[in-house]
Amino acid sequence: MANPELVPPGVDATRPSPARMYDYMLGGTHNFQVDRDATEEFRAQLPDLEDAAWANRGFHGRAARWMAIEEGIGQFIDIGAGLPTQSNTHEVLHAINPDAKVVYVDNDPMVLVLARELLTEDGTTAVIQADLRDPDAVLNHEEVRRLIDFRQPVGFLMTAVLQFVGDDFGPWGIVDRYVAAMAPGSCLALSHITGDKVPPRSIATGVQIYTRATERAYPRSRAEIERFFAGLELVPPVAGASPALCHVGIWGSEDPAAADTDGSRVFWCGVGRRR
Ligand SMILES: C[S@@+](CC[C@H](N)C(=O)[O-])C[C@H]1O[C@@H](n2cnc3c(N)ncnc32)[C@H](O)[C@@H]1O
């Protein structure tokens, strides 16, 4: 994708995109020079950026596994899924349950361009281009209705995506709409960038860089992020802990002390269950 001639139709390669920047942070190749430059500019102020991205990706996979193994959930909607990467959600889940259904949702046109990397021959996955700010469009999409039975528990994954939805759009009300569609026993895994434990200059640089991107970024406090779980019961992040938010490296980790890195502290996360 480094060659500008390979820019697919409909993709804006003149501005960085959150999906392509994240792909670059994870060592992927689905990004352009503009994404790499923006990411390096951010990394100059936040040297733990790559660790932060990997810690978040680790939470995503562990939370999906937990829902499949501990809660027996067999259908998932991955909202703000990102570009195909290592350990795609369906690959994590099919190692546990080959029949698990996964719908990937993202508003970045590159995700549809690369959709074939996320599709399986047996039709257990789907990729749709939709904006999470329109829950009706997502929940009523024909591919969602084909694969997801809303009378049964659903695993919703909204990791590192709500930070791209400003307060003006009412992100808490949007999440409430998804929660309202959940059958009892459904779960929501959510992570979100925070400036709570990050030097103010580092986070301000990130916010400034994303003003040039296809989406702006809005770091939030722990209290603001916890509000996304209204109506759900938070589950303990590790065995023996109290139900609470934590940093992404810690959730589901075998060694929480070792997982509590500076990069991990760039995100708060949690998993909530619908009673
Ligand atoms: C930082 S990546 C996170 C990817 C993946 N969820 C993870 O945690 O590993 C954020 C993704 O959210 C997508 N995104 C941002 N705003 C969105 C919106 N309003 N609707 C759907 N997807 C969105 C971006 O295109 C990008 O792919």
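A pocket, as the word is used here, is an open set of grid points with protein on both sides within 12 Å along at least five of seven lines. With that in mind, let's walk through this predicted model, starting at the ligand, which sits in the largest pocket.

Around the ligand there is a shell of 18 residues, and the closest of them are Tyr22, Arg57, Gly80, Asp106 and Thr159. By class, the shell splits into 8 nonpolar, 5 polar and 5 charged residues.

Tyrosine 22 brings a polar side-chain atom to 2.7 Å from an oxygen atom of the ligand. Glycine 80 takes part through its backbone, with an N or O atom 2.7 Å from a ligand nitrogen. Leucine 132 also uses a polar backbone atom, which lies 2.9 Å from a nitrogen atom of the ligand. On its own the ligand has 600 Å² of accessible area, and the protein covers 98% of it.

Now step back to the helices. Helix 1 (18-25) and helix 3 (49-70) each contribute at least two residues to the shell. Helix 3 is 22 residues long and spans 31 Å from first to last C-alpha, close to the 32 Å expected at 1.5 Å a residue. Just after helix 3 comes glycine 72, with a positive phi of about 70°.

How values were computed
Residues are numbered from 1 along each chain as its sequence is written. This is a predicted model: local features need pLDDT of at least 70, side-chain atom pairs count only at pLDDT 80 or more; totals for chains, interfaces and linings use all residues. Side-chain values use heavy atoms; hydrogens and water are left out. A residue is near a molecule or strand if one of its heavy atoms lies within 4 Å of it. A polar contact is a pair of N or O atoms within 3.5 Å; within protein, one must be able to donate a hydrogen and the other to accept it, and residues adjacent in sequence count only if both atoms are side-chain atoms. Accessible areas come from the Shrake-Rupley method with a 1.4 Å probe; for residues, only the protein chains shown count as cover. On a 1 Å grid over the protein atoms alone, a cavity is a set of points where a 1.4 Å probe fits but cannot get out, and a pocket is an open set with protein on both sides within 12 Å along at least five of seven lines; lining residues have an atom within 4 Å of a point. A molecule sits in a cavity or pocket if more than half of its atoms lie within 2 Å of its grid points. Helices (H or I, at least four residues) and strands (E, at least two) are DSSP runs, numbered from the N terminus. Ala, Val, Leu, Ile, Met, Phe, Trp, Tyr, Cys and Pro count as nonpolar, Asp, Glu, Lys and Arg as charged, and the others, Gly among them, as polar. The expected span of a helix is 1.5 Å times one less than its number of residues.
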